[in-house]
Amino acid sequence: MTARPRLSLLAALVLTVLAILAGSGVADRLGSGGWEDPTAESTYATKALEREFPDSQPNLLLLVDSRRSSVDDPAVAAKARRLAARLATEKGVTGVGSYWQSGAPALRARDGHEALIAARITGDDNAMGKTLDRIAPSYRGTHGPVRVTVGGPVAVRHEMQTIIREDLTRAELIALPVTLVLLVMVFGSAVAALLPLGIGIVAILGTNAVLRGLTEFTDVSVFAMNLTTALGLGLAIDYALFIVRRFREELSTGAEPLTAVGTTLRTAGRTVLFSALTVAVSLAAMMVFPQYFLRSFAYAGIAVVLLAAGAALILLPAALVLLGHRVNSLDLRRLFRRRSPGNPGAEGTAWARTATLVMRRAPFFALATTAVLVLLGLPFLGVKFGTADDRQLPSTAESHMVQQHIREGFPGSPGGGLEVFAEGRATQAQYAAYKERVAALPEVLRVDGPLVKGDSAYFTVLPRGEAVDDAAQHLVGELRSTGAPFDTKVTGTAAVLVDSKHAIGERLPWAVVFIAVVTLLLVFLLTGSVLIPVQAVLLNALSLTAMFGAVVWVFQDGHLSGLLGFTSTGSIETTLPVLMFCVAFGLSMDYGVFLLSRIKEEYDRGGTSHPGKAVGDGDHSRAVRYGLQRTGGLITAAAVILAVVMVAIGTSRVTSTKMLGLGIALAVLMDAMIVRSLLVPAVMRLTGRATWWAPSPLRRFHARFGLSEGESSASGETAHAERGEQQEQGGQGEQGEQTEGDRESDKAAAHG
């Protein structure tokens with residue numbers, strides 16, 4: 001890429017144009033479901049009912065408001081019947097029924113001023129959306145004595161897709177200019193600031209193409225578009241930020257641009273690749289779950305992370321070779337403030353002082369930060385899991401208002417009923433006996449049915465309480481254990497929730513073990529230590545407590561709902577904590593790798609770059625201080641930029657997207673500003689020399705196969721292995737001469 005940089009960038013431009021074409025229209029191919037387990041009993045029953053009794057599963061509801069008249073008024077009834085008859089003639093619509101046709105009490109509001117027309121739109125999500133767009137305008141609005149609004153599951157999904165698409169565009173328009181301002185503040189140079197932003201834009205366009213390609217092979221959630229776009233933009237900018245920063249450091253030591261690029265890729269570039277692997281591993285853990293909502297994040301997330309790293313490691317070096325020293329052009333900070341040329345390292349000095357203070361009071365900072373993080377996570381102990389519904393939408397959304405009217409004004413908990421699908425030949429007496437046994441259950445309000453078709457039948461069971469409360473979930477178990485002379489399968493909102501919780505609870509330990517084991521292995525390959533990987537996993541998990549506590553306190557309990565503009569349902573959708581854990585854990589490891597790599601680099605040089613100095617706690621403390629000094633400001637800047645992108649996503653009007661964006665933004669900031677700045681140096685000071693200990697076989701393995709940052713990695717690994725042997729024997733480190741890599745490090749440290 002650097003040998004022919006102009007040709008490389010031209011090829012990248014062509015590929016970007018192709019990505020724009022390939023990614024066009026991707027939003028229309030994404031699904032808004034995927035919360036349920038496709039292998040669960042409730043999913044089987046739902047599909048069977050759709051196949052055998054399509055009229056039992058309406059997904060389109062017309063709320064007919066007679067205003068001041070009664071729905072039984074002759075003029076109102078006549079107009080409603082005509083609307084229902086016309087709806088029955090629409091292409092792609094089946095199973096039309098209404099209160100005026102059946103007289104069912106559940107279809108009539110308690111006050112007598114509203115009633116429902118129900119129907120089913122056939123086809124997949126795309127076909128249903130097109131049918132809804134075609135027919136809804138002719139029914140929505142005033143028709144003589146009645147006013148009609150459109151709702152139902154298909155309207156909720158379609159409106160959610162439309163809002164998410166609009167919100168994503170707005171989020172990008174917010175994030176890009178704010179990010180540019182922050183990059184200018186970090187680099188000073190407008191040219192240097194534009195490079196990460198350009199890489200981020202390439203990542204966004206590539207993300208859309210990746211999502212479009214994935215829809216050819218699997219279902220992809222519409223929520224994946226928001227989060228993977230944010231990840232692609234945020235990570236590409238972060239990775240480019242580290243590479244451009246290191247490139248400018250190398251130029252400042254007098255290196256030629258091509259040499260500086262090579263050194264940058266061998267150091268920061270290697271760490272970027274390693275960091276991308278740690279994020280991808282965390283996202284890959286979601287593939288163990290059966291819900292396509294989570295699996296689509298895994299597929300798309302892994303591809304986008306690798307795309308962001310690839311753009312930073314392949315395109316950016318070519319641009320840096322062409323720019324050379326012009327990467328420092330157009331210092332915009334001169335327009336706003338004077339910069340003292342005699343104190344260029346003030347930022348690094350501040351971080352060195354922070355590290356010194358923290359390590360001097362290590363027990364206090366370790367206990368205080370741990371206590372604060374645990375305290376912030378306490379609200380999560382009261383978490384209640386539920387299902388996603390129309391309340392994800394803003395209160396002004398038409399489909400949300402329709403469902404809210406039904407919840408508050410119609411009898412029998414509409415939409416909260418449980419359906420029992422029965423298979424196998426049975427007599428009417430057997431059906432009647434089963435119905436009596438079900439009706440006798442204490443949680444049951446009423447049992448309707450059966451409706452029989454051949455060897456199949458179904459019953460509708462209305463619970464006494466809320467649709468998904470504890471009693472309704474317990475009722476699901478009671479129904480499944482109730483004996484019958486035929487096979488029964490239970491579905492409904494509460495049944496889907498029970499099955500989803502079971503699927504996640506069954507597979508969550510495997511996901512956690514996968515993340516932990518692979519992370520332990522990767523961090524060991526980076527550091528050669530047994531203790532540091534354990535520290536990294538535990539401290540990463542601790543950094544997420546504030547996010548989970550805030551999610552429950554804000555989104556479940558409803559605090560700040562007015563300020564943030566959402567409707568609290570009193571529960572958290574079951575899959576969202578899993579998604580947030582995997583994403584936030586990966587991002588925390590991303591920053592952890594950058595800090596640890598610099599600490600490791602300095603620690604490896606400790607025995608050779610300071611002749612006459614014994615290897616021990618002094619070298620260890622100096623390495624920690626140096627690592628925080630060199631990366632503290634950069635990690636904080638990268639975290640703030642990623643948080644800005646996530647907050648922009650969090651401005652969405654859809655509650656789940658808002659929760660994801662704001663929650664992950666909080667986790668990233670807490671990790672960078674609390675865990676990396678205070679807790680990590682405090683814990684590493686407390687563990688002292690033991691931080692770097694490893695058994696002899698593992699040290700030899702790491703010396704041969706380990707990954708490290710730095711030009712003199714081989715000598716560093718050898719020094720580390722020798723130093724480990726001396727630590728086991730209680731010996732002192734050997735003296736040695738300064739290597740070329742050490743001199744480069746000292747130059748960079750003096751410059752910084």
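## Basis of the model

Residues are numbered from 1 along each chain as its sequence is written. Because the model is predicted, local features need pLDDT of at least 70 and side-chain atom pairs count only at pLDDT 80 or more, while totals for chains, interfaces and linings use all residues; side-chain values use heavy atoms, with hydrogens and water left out.

The predictor's confidence in each residue is given as pLDDT, from 0 to 100. For the protein chain the mean pLDDT is 84, and 89% of its residues reach 70 or more. Residues 607–617 have a pLDDT below 50, and this stretch has 24 contacts in the model beyond near neighbours in sequence. A contact means heavy atoms within 4.5 Å. Over residues 709–752 the pLDDT also stays under 50, and here the model has 88 contacts beyond four places in sequence.

## The chain as a whole

The protein chain contains 25 helices and eleven strands. These elements are DSSP runs, numbered from the N terminus: helices are H or I with at least four residues, and strands are E with at least two.

Of the 752 residues in the chain, 55% count as buried. Buried means under 20% relative accessible area, exposed means over 50%, and partly exposed lies in between, with a 1.4 Å probe and protein chains only. The chain exposes about 30,300 Å², of which carbon and sulfur atoms supply 61%. Accessible areas come from the Shrake-Rupley method with a 1.4 Å probe, and for residues only the protein chains shown count as cover. Among contacts with a separation of 6 or more, 81% are between residues 24 or more positions apart.

Strands of a sheet pair through backbone hydrogen bonds, either parallel or antiparallel. Here, two strands pair if DSSP finds at least two bridges between them. Strand S5 covers residues 146–151. Five of its six residues are buried, so S5 is largely enclosed by the rest of the structure.

S1 and S5 run antiparallel and are joined by five bridges, with Leu63 opposite Thr149 in S5. Strand S4 (residues 141–143) is also antiparallel to S5, through three bridges, and Thr142 stands opposite Arg147 in S5. S4 and S5 form a hairpin with two residues between them, and Gly144 in the turn has a positive phi of about 60°.

Ser66 lies in the loop between strand S1 (60–65) and helix H3 (74–88). Is this residue buried or exposed? Ser66 counts as buried because its relative accessibility is 2%. Its side chain reaches the backbone oxygen of Ser69 at 2.6 Å, a polar contact, that is, a pair of N or O atoms within 3.5 Å; within protein, one must be able to donate a hydrogen and the other to accept it, and residues adjacent in sequence count only if both atoms are side-chain atoms. Beyond four places in sequence, Ser66 is in contact with residues including His113, Pro145 and Val146.

Val146 is part of strand S5. With 0% relative accessibility, Val146 counts as buried.

## The four-stranded sheet

Four strands form an open sheet in the order S8-S9-S7-S10, with antiparallel pairing. Strand S8 (444–453) and strand S10 (487–492) stand at the edges with a single partner strand each, so one side of each has no neighbour in the sheet. Neighbouring strands are turned by 20° against each other on average, direction ignored. Helix H2 (residues 41–52) packs on this sheet, touching S7, S8, strand S9 (456–463) and S10, and its direction makes about 95° with that of S10. Helix H15 (residues 470–481) touches S7, S8, S9 and S10 too, and its direction makes about 10° with that of S7. Axes for these angles are lines fitted to C-alpha atoms, for helices over the stretch in contact, and angles run from 0 to 180 degrees between N-to-C directions.

Strand S7 (residues 418–423) pairs with S10 over six bridges, and six bridges also join S7 to S9. Glu419 stands opposite Thr491 in S10 and opposite Thr460 in S9. The bridge partner of Phe421 in S10 is Lys489. Five of the six residues of S7 are buried, so S7 is largely enclosed by the rest of the structure.
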